[in-house]
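Reader: I've got this one open on my screen and want to talk it through. Can you start with the overall picture and then go into some details?

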Amino acid sequence: KDTEGTTMEFRVDAILYAMGGASYPHLGSDGAWVKPMTVSGVIIAPLVPSNCGFNVSWSDHFLVRFEGKPIKNIVLSCKGRSIPGDLVITKSGLEGGALYAHSKRLRHALEKTPQTIIEMDLKPKTSQAEIHQLLSVSRGKTSLSNFLRKRLHLSPVKIALLYEFADKCDLKDSASLSQAIKSVPISLTGIQDIARAISSAGGVKFENLTEKLMLKNTPGNFVAGEMLDWEAPTGGYLLQGSFATGVVAADGIADFLGVR
């Protein structure tokens with residue numbers, strides 16, 4: 001149908017489907033193609049959020065002060081993989097590139113348990129031993145917050161994250177405190193909606209397709225981009241992958257039509 005609702009019919013020799021996933025549906029990629037393709041016999045993995053934010057149960061006190069604030073120059077670690085970057089505190093949780101790169105692992109973890117832990121290094125360029133040494137002086141009557149600000153140049157939001165998530169016992173001595181600063185355990189309680197995700201995972205399974213991305217059950221029909229069952233760790237890799245699959249499919253169409 002066109003913009004006025006008029007139905008138009010075309011006779012074609014080949015079709016390249018590149019209708020996107022289901023993230024940001026208000027921009028047009030709403031995954032509406034899933035149902036008709038499933039009916040036609042195409043096996044499709046469910047569309048799920050990728051490169052997305054995750055929920056955190058902030059305390060009211062923390063949220064009032066820090067909603068919308070950035071967390072700069074940190075490293076996030078999950079299951080042996082560490083990603084540097086920045087984050088933003090939202091009303092419902094956390095967003096940002098350092099978290100997006102972990103989204104696949106975290107999504108799989110949250111499919112099995114109601115919450116999962118990700119560790120945040122607040123001073124990635126300073127070793128735990130160096131932090132311990134910097135904190136191994138008497139702070140006298142100085143509050144812990146001011147002490148951390150002066151000795152480590154920690155921002156208010158990073159200090160608040162320590163109070164929010166670190167065990168209170170870990171804040172009492174320099175050895176435990178230095179360890180906590182290098183690995184603040186943040187509990188993620190869920191994944192944010194696909195409508196807010198940068199991209200989506202899932203889609204047409206490769207078992208449906210030839211090497212040139214043509215649907216085996218409907219010759220002449222090709223699929224590319226986010227409609228395919230794959231995901232990329234960032235928006236840049238996602239674009240590159242989408243363009244690359246488009247080239248493969250276009251190459252397949254040329255072969256199918258015999259126009260080389």
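Reader: What's the radius of gyration here, and what would a compact globule have?
Author: The protein has 24 Å, whereas a compact globule of 260 residues would be near 18 Å. That radius is taken over C-alpha atoms, and the globule rule is 2.2 Å times the number of residues to the power 0.38. Bear in mind that this is a predicted model, where local features need pLDDT of at least 70, side-chain atom pairs count only at pLDDT 80 or more, and totals for chains, interfaces and linings use all residues. Residues are numbered from 1 along each chain as its sequence is written, and side-chain values use heavy atoms, with hydrogens and water left out.

Reader: OK, and what box do the C-alpha atoms fill?
Author: Roughly 80 × 35 × 30 Å, taken along the principal axes.

Reader: How many helices and strands are there?
Author: Nine helices and 11 strands. Both are DSSP runs numbered from the N terminus, helices being H or I with at least four residues and strands being E with at least two.

Reader: How much of the protein is buried?
Author: 42% of the 260 residues count as buried. Buried means under 20% relative accessible area, exposed means over 50%, and partly exposed is in between, using a 1.4 Å probe and protein chains only.

Reader: Let's do helices. How do α6 and α7 pack?
Author: α6 (residues 144-152) and α7 (residues 156-165) pack at about 135°, with axes 10 Å apart. Axes are lines fitted to C-alpha atoms, for helices over the stretch in contact, and angles run from 0 to 180 degrees between N-to-C directions. The pair is therefore oblique; under 35 degrees counts as roughly parallel, over 145 as roughly antiparallel, 65 to 115 as roughly perpendicular and the rest as oblique.

Reader: Which residues of α6 and α7 meet?
Author: From α6 there are Leu 144, Ser 145, Leu 148 and Arg 149, and from α7 Ile 159, Leu 162 and Tyr 163. They divide into five nonpolar, one polar and one charged. Here Ala, Val, Leu, Ile, Met, Phe, Trp, Tyr, Cys and Pro count as nonpolar, Asp, Glu, Lys and Arg as charged, and the others, Gly among them, as polar. Contact means heavy atoms within 4.5 Å.

Reader: Why is α7 largely enclosed by the rest of the structure?
Author: Because seven of its 10 residues are buried. Among those buried in α7 are Val 157, Lys 158 and Phe 165.

Reader: What about α5 with α6, at what angle do they cross?
Author: Roughly 120°, and the axes of α5 (residues 128-135) and α6 come within 10 Å. α5 and α6 are therefore oblique to each other too. Ile 131, Leu 134 and Leu 135 in α5 meet Phe 147, Leu 148, Arg 151 and Leu 152 in α6. That contact has six nonpolar residues, no polar ones and one charged.
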